[in-house]
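Take a look at the chain shown here. We will start with the whole and then visit a few places inside.

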Amino acid sequence: MTKKLTLIAFVVSLGGFLFGFDAGIISGVMSYAGPEFNLSDLQSGWVVSSPSFAAMIAMLFSGRLSDKIGRKKMLLFVAFLYAISAVFSALAWSYEILYIARMIGGLAFGAALVLAPMYIAEISTAENRGKLVAIQQLNIVLGFFAAFLSNYFFNKYNTSGDTFLTDENVWRWMLGVELVPALLYFIFLFFVPRSPRWLYLREKYDEAKQVLHQIHGKVKAELEIASIDKNVQADKNKSPLKITDLLKPSLRFILMVGLVVGILQQITGINAVYFYATSIFKQTGIGTDAAFSSGILLSTITVIFTFIAMYLIDRMGRRPLLLIGTAGVAVSLLLCAYGFNQATYQLTENKVSQFDFQDSQKLLPLVDKVYDNDIDFKDDVKSVLGNRIYSKNDGSILEAATTMNANLVLIGILGFIACFAFSLGPVMWVLLSELYPIKYRGLAIGVIAFVNSLISSVVQLIFPWELSNLGNALTFFIFGIIALIGFLIFIKILPETKGKSLEELETAFIKN
């Protein structure tokens, strides 16, 4: 595998880095933007989840559009959209502008998640395709890490008394800093070649051969040219596919497997935990600063266990990783539920006197009242302070009032992240790329990615409402039970695809 090929794959998959960065950054942003615009739970949920709704649209159309204008042009447009989204998110003067700007970013990452693996697969050889496509997943988790690190430092300097950063503008800087990697992505893309397979489809054979010689060398390039020429000819003889083709009896089993994996990946709440990490850690009462630093720990765990997944996936196999990981997800989420269920909440007169925010003395009627659940406590606090003041100071209020084993919840959250990062996160995409015959692969993965993104956006949208109306304990208990049910279904239906050629898999799973 040449260094040039690896570098090209890394540059192209920087769209994944920007997706991870955008997803991670919002967890810190909402601690400030929510109170700034006095957002309700559903409005907060929409700001967070709106990019995922936009991404669904992009996932449906980006592949076909790239067939017409080219992968590289589409990726350049994606980078441009990321930059526009960063600028308008940072300048947002209303709730509406903020979510519209974020939806522009959603169009970008929806397209990037489809286009980057497609482009990388088209410039790779068979023996290095898996490793190169996996660079996208690595870039995503590196994006999360960079976002949580960025949020931590912005929050740290904001609370240090620095006059440059304030509660009113710090979230704008958090969002605006995404412009830097977006512009770098845009610039670097000019230096990557056009996809040789797309060039072949456009009958630009000389340029395609030139690109292949540049990235593979003469010997491998000639083999790839022969392979691409054969595949292009085969493609010309294929009848157009319709979405209803996926419902054929011969495909039903593998379509069901793909949909179950795609749904379970998101319905267990992974993006709710990522996107609302700072808010979740605040619920444990550890305080705002500790909540931001815990986000760095969370993203570090993600990076480490993604590397572990890349190492184990061809050694242990897909089925063992998914089974072990899903069982671990269920146990971790139920541990979080248990930790939150044991919590009590009580304000003392001394604690209230130490608050330095507006109208804090209104809390005095609640002094010494003991609450055994977070819903009643937060409802009473909001009723005396108002939603805006509570949202702005929830970290310090919960830190003062909460008595619980915060370490238990932290272990549960980190266990969830670790188990997801070596199983449902990366393994899903590998499994999907292997289950389906080449004729149906693009269509099947597109449909499952659409369903996956729909589930993700719904979970993100309702998560703040769940915390406010169902409480921390019941919310995590529901996620844990769903993961447990998923584990039991996996035992029954999950096939093993390790060590088998695509032709062998097609023979095994496709019933004519």
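**From the whole chain to single residues**

Of the 512 residues in the chain, 54% are buried. Keep in mind that this is a predicted model. The chain holds 24 helices and two strands.

Now pick out two helices. Helix α16 covers residues 318-341, and helix α20 covers residues 406-421. They pack with their axes 8 Å apart, at an angle of about 160°. An angle over 145 degrees counts as roughly antiparallel. That is why α16 and α20 are described as roughly antiparallel to each other. The crossing of α16 past α20 is left-handed.

Which residues of α16 and α20 make the contact? On the α16 side, they are G325, G328, V329, S332, L333, L335, C336, Y338, G339 and F340. On the α20 side, they are L408, V409, I411, G412, I413, G415, F416, C419 and F420. Sort the residues of this contact by type: 13 are nonpolar, six are polar and none is charged.

F420 leads on to another residue. It is one of the residues that Q265 touches. Q265 sits in helix α12, residues 252-267. Is Q265 buried or exposed? Its relative accessibility is 4%, so Q265 counts as buried; the cut-off for buried is under 20%. Leave out residues up to four places away in sequence, and Q265 touches I270, F420, L424, G425, M428, W429 and N452. Look at G425 in that list. Q265 and G425 are 160 residues apart along the chain. Yet their C-alpha atoms are separated by 7.0 Å.

Move to helix α4, residues 71-91, where you will find K72. K72 has 17% relative accessibility, so it too counts as buried. What is K72 in contact with, leaving aside its neighbours within four places in sequence? The residues are L189, F190, V192, P193 and R194.

The last stop is a loop. D368 lies between α17 (349-354) and α18 (374-385). Most residues other than glycine have a negative phi. D368 is not a glycine, but its phi is positive, near 70°.

Terms used. Residues numbered from 1 in each chain as written. Predicted model: local features only at pLDDT ≥ 70, side-chain atom pairs only at ≥ 80, totals over all residues. Heavy atoms only, no water. Axes fitted to C-alpha atoms, helices over the stretch in contact; angles between N-to-C directions. Helix = DSSP H or I, 4+ residues; strand = E, 2+ residues; numbered from the N terminus. Parallel < 35°, antiparallel > 145°, perpendicular 65-115°, else oblique. Left-handed = near helix turned anticlockwise from the far one by under 90°. Contact = heavy atoms within 4.5 Å. Nonpolar A, V, L, I, M, F, W, Y, C, P; charged D, E, K, R; others polar. Buried < 20%, exposed > 50% of the residue type's maximum accessible area, 1.4 Å probe, protein only.
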